[in-house]
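Subject: Structure handover

Hello,

Here is the structure we talked about. Please open it alongside this note.

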Amino acid sequence: MRSFVGLFAFAAAFGAVIAVVYWFVAHEEAAGTALLAVMATGLAFAAAYAVVAERDARLEGDDPNETPQMAAGDDLGVFTTNSPWPVLIALCTLALFTGLLWSPLLGIAGLVGMILCFWRLGAESART
Amino acid sequence: MIEWLTTTDHKKIGIMYVVSTLSFFVIAGVLAALIRAQLAVPGNTLLGPHAYNQVFTLHGTAMIFLVIAPFGIGLANYLVPLQIGAPDVAFPRLNATGLWLFVLGGITVFAGLATYGGAAATGWTAYAPINEFFVGTGAGQDLFFIGLLMTSISTILTSINLLVTVFLFRAPGMTMWRIPIFTWEIVATAVLIIMAFPSLAAAFAMALIERHLGGHFFDAAYGGNPILYQHLFWFFGHPEVYVLILPYFGIVTEIIATFSRKPVFGYVGMVIAAFAIAALSLGVWAHHMFTTGAVSNPFFSAVSFLIAVPTGVKFVNWIGTMWKGSIALQVPMLFAIGFLLNFLIGGITGVMIASPPIDYQAHDSYFIVQHFHYTIGGGSMFALFGALYFWFPKMFGVKLEEGIGRWVFALLFLGFNATFIPMGFMGMEGMARRVYTYPAVGHLPLLNAVASAGALIMTLGVALFFIDVLVSIRRRAPVEDDPWGGYSLEWMTTSPPPEFNFKTLPAIRSRRPAIDSRPGSV
Ligand code: HEM
Ligand SMILES: [Cu+2]
């Protein structure tokens with residue numbers, strides 16, 4: 001976790017510095033400053049969120065002396081091998097986007113299909 | 001069939017990425033051949049102007065969005081869990097969703113060819129205002145935006161997935177400072193993608209709103225600003241070019257270390273350089289806009305020069321890794337060395353055009369075409385072939401024929417340089433990019449003829465590669481789990497790896513677990 005927070009905090013600081021410098025050299029041009037500021041804020045949020053949400057996480061991968069034997073029995077969760085929903089969600093996304101431009105019916109079908117898929121996917125991941 | 005459509009196994013997904021990106025590569029390659037056929041002689045009429053616009057647009061779009069970038073992501077899908085000793089990626093279903101969004105998005109872009117008015121014809125950048133009228137009015141342009149929106153969403157989802165995987169699913173003892181450089185480069189790439197792609201998605205969504213819902217973001221007649229599109233596009237676009245190269249830096253590092261039989265020289269420096277490049281690349285976007293006169297040229301020029309520093313660090317590290325190593329010149333290593341030579345030219349021309357006075361001269365000329373092909377083609381594409389030769393045995397349990405592979409390398413290296421060296425000179429003689437024909441003045445006819453001949457040689461090289469794949473698969477020579485003497489974790493499991501990757505996880509005590517485990521090492 002420390003590495004994650006460090007990486008994102010560092011990147012956020014970099015974004016902030018660049019945004020300020022950019023403002024001073026190019027303040028007639030707001031788009032760039034806005035883009036950089038949004039970027040810095042987003043990164044800072046990710047870092048701060050990780051600090052708060054994962055306060056007491058402990059990862060085997062962070063301990064240089066940990067062995068597979070010591071970690072045995074730890075629960076990594078279940079990994080699926082197959083699921084029909086991803087490919088269907090992708091198809092529905094395509095239907096939704098093309099439908100939005102040319103055919104409201106197709107667009108609605110895509111949206112409904114997508115909601116159904118997410119619902120079944122949620123049910124599936126609750127089971128396994 | 002159903003098995004592959006519904007799989008959430010990162011290895012199968014990785015293989016499908018490789019297969020689909022190679023398919024798009026073949027199509028984009030045919031388009032490139034068409035371009036060079038049209039330009040082989042001055043005043044040619046093989047392709048008309050509108051057909052030519054579609055051809056180069058689809059060629060560039062496909063190579064960037066559907067080949068080089070997703071191949072890196074797809075290879076990461078396959079390798080990252082293996083390299084860090086994880087059973088799969090963090091979110092396998094999300095991963096599968098990303099794959100299918102990408103494949104469908106790619107097909108959608110090409111579907112434009114079947115529409116009245118043809119496919120997108122605005123170049124891969126789809127600048128405003130041409131994305132609004134003229135060439136851009138057809139449904140093909142809409143399909144371009146929709147397809148690329150889907151691939152952008154896909155890329156963002158997959159990056160989040162890979163980041164979480166690396167941060168949370170490392171095997172016991174696999175600390176961050178022990179993960180292989182390829183995985184590090186993927187972390188940097190993923191961060192970059194998450195920063196940059198939303199800007200592209202916004203630009204494309206705004207363009208669609210202009211086209212269909214009467215928006216006027218980029219339309220000066222209504223108080224909009226076309227330069228805004230360029231900002232949004234290049235805020236994505238320059239980081240994107242590093243998305244196109246960082247994974248390939250990783251590939252080259254792994255290959256060089258393995259075939260020099262030495263640890264990576266300056267591992268920590270390598271990682272820091274990757275992040276310095278990623279960070280700086282977020283602050284240079286308007287070096288693509290020097291000639292608009294609407295940006296701060298000194299700022300963007302200075303930051304662009306800075307990028308050359310961490311890139312130089314990488315070169316020092318690669319050479320340091322080879323230095324006094326016992327170098328084995330097998331095919332993957334040949335491609336890595338080809339990468340170093342070509343990418344060096346790409347990097348140097350990059351620094352040249354990062355100087356605004358030079359760029360005013362070179363902008364939108366064939367000099368730029370030469371620059372970015374030396375980085376993406378001579379760089380990334382060579383590393384891509386190196387990766388195929390290097391990890392093919394891991395993925396399929398079959399080694400590609402070395403003898404044919406050497407010919408593939410020779411043809412590609414010769415053909416590539418013959419095609420693109422002349423382009424620098426064409427640019428200096430004033431040939432603009434994206435023109436469908438040119439007059440017979442100066443050296444232009446000669447230079448173009450050489451470039452087209454080079455393209456023919458490259459085409460033969462690519463064809464020979466696929467022949468190599470067929471021959472090797474038919475022959476099915478038995479291969480060891482670790483045919484190269486690799487150092488990272490993926491070489492410590494079977495080839496191909498079992499479901500969930502490792503029967504038993506080895507203990508990880510250093511950056512080179514596979515070397516530690518070999519008899520005779522301490
Ligand atoms: C030392 C590092 C680099 C510098 C300083 C640099 C600089 C530049 C500059 C100034 C331009 C704009 C030229 C113009 O349109 O007038 C440009 C274009 C371009 N560069 Fe680079 N570059 C570098 C590395 C790279 C790398 C690593 C890649 C890709 C792997 C790349 C890909 C491109 C592409 C695709 C374009 C053309 C975009 C277009 O107009 O379609 N560059 N580069
Ligand atoms: Cu750039």
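Below is what was found in it, starting with the ground rules.

This is a predicted model, in which local features need pLDDT of at least 70 and side-chain atom pairs count only at pLDDT 80 or more, while totals for chains, interfaces and linings use all residues. Residues are numbered from 1 along each chain as its sequence is written, chains are lettered from A and ligands numbered from 1 in the order in which they are written, and side-chain values use heavy atoms, with hydrogens and water left out.

**The metals**

Start with the copper ion (ligand 2). Three histidines of chain B coordinate the copper ion: His238(B) through ND1, His287(B) through NE2 and His288(B) through NE2. The distances run from 1.8 to 2.1 Å. Donors here are N, O and S atoms within 2.8 Å of the metal (3.2 Å for Na, K and Ca); water is not among the atoms, so sites may look incomplete. Along the sequence, the donor residues follow the spacing H-x48-H-H.

His287(B) is buried, at 17% relative accessible area. His288(B) is partly exposed, at 23%. Buried means under 20% relative accessible area, exposed over 50%, and partly exposed in between (1.4 Å probe, protein chains only).

Now the iron atom of ligand 1. The protein gives this iron a single donor, NE2 of His371(B), 2.1 Å away. His371(B) sits in helix H13 of chain B, residues 366–396. Helices (H or I, at least four residues) and strands (E, at least two) are DSSP runs, numbered from the N terminus. The iron atom and the copper ion are 4.3 Å apart.

**Chain A**

Chain A has 5 helices and 0 strands. From the N terminus, its elements read α-α-α-α-α. Of its 128 residues, 43% count as buried. Take the contacts between residues at least 6 apart in sequence: 55% of them join residues at least 24 apart. Contact means heavy atoms within 4.5 Å.

One helix pair deserves a look. H1(A) covers residues 2–25 and H2(A) covers residues 30–53. Their axes come within 8 Å and cross at roughly 160°. That makes the two helices, H1(A) and H2(A), roughly antiparallel. Axes are lines fitted to C-alpha atoms, for helices over the stretch in contact, and angles run from 0 to 180 degrees between N-to-C directions. Angles under 35 degrees count as roughly parallel, over 145 as roughly antiparallel, 65 to 115 as roughly perpendicular and the rest as oblique.

Which residues of H1(A) and H2(A) meet? On the H1(A) side they include Phe4(A), Phe8(A), Tyr22(A) and Trp23(A). On the H2(A) side they include Leu36(A), Met39(A), Leu43(A) and Val51(A). By class, this contact of H1(A) with H2(A) has 21 nonpolar, 3 polar and no charged residues. Ala, Val, Leu, Ile, Met, Phe, Trp, Tyr, Cys and Pro count as nonpolar, Asp, Glu, Lys and Arg as charged, and the others, Gly among them, as polar.

**A helix pair in chain B**

H11(B) (residues 331–353) and H14(B) (residues 402–428) have axes that come within 9 Å and cross at roughly 10°. H11(B) and H14(B) are therefore roughly parallel. Their contact divides into 10 nonpolar, 4 polar and 2 charged residues. Among the residues that meet are Phe335(B) in H11(B) and Arg406(B) in H14(B).

**Backbone points in chain B**

There are cis peptide bonds to check. One joins Ala128(B) and Pro129(B), with omega about 0°. Pro129(B) is in the loop between helix H4 (92–111) and helix H5 (139–168). Another joins Ser495(B) and Pro496(B), with omega about -10°. Pro496(B) is in the loop between helix H15 (444–475) and helix H16 (513–516).

That loop between H15 and H16 also holds Arg476(B) and Asn501(B). Phi of Arg476(B) is positive, near 50°. Phi of Asn501(B) is positive too, near 75°. Buried or exposed? Arg476(B) is exposed, at 51% relative accessible area. Asn501(B) is buried, at 0%.

**One last residue**

Ala96(B) lies in helix H4 of chain B. Ala96(B) is buried, at 1% relative accessibility. Leaving out residues up to four places away in sequence, Ala96(B) touches Pro86(A), Thr7(B), Thr8(B) and Ile13(B).

Best wishes
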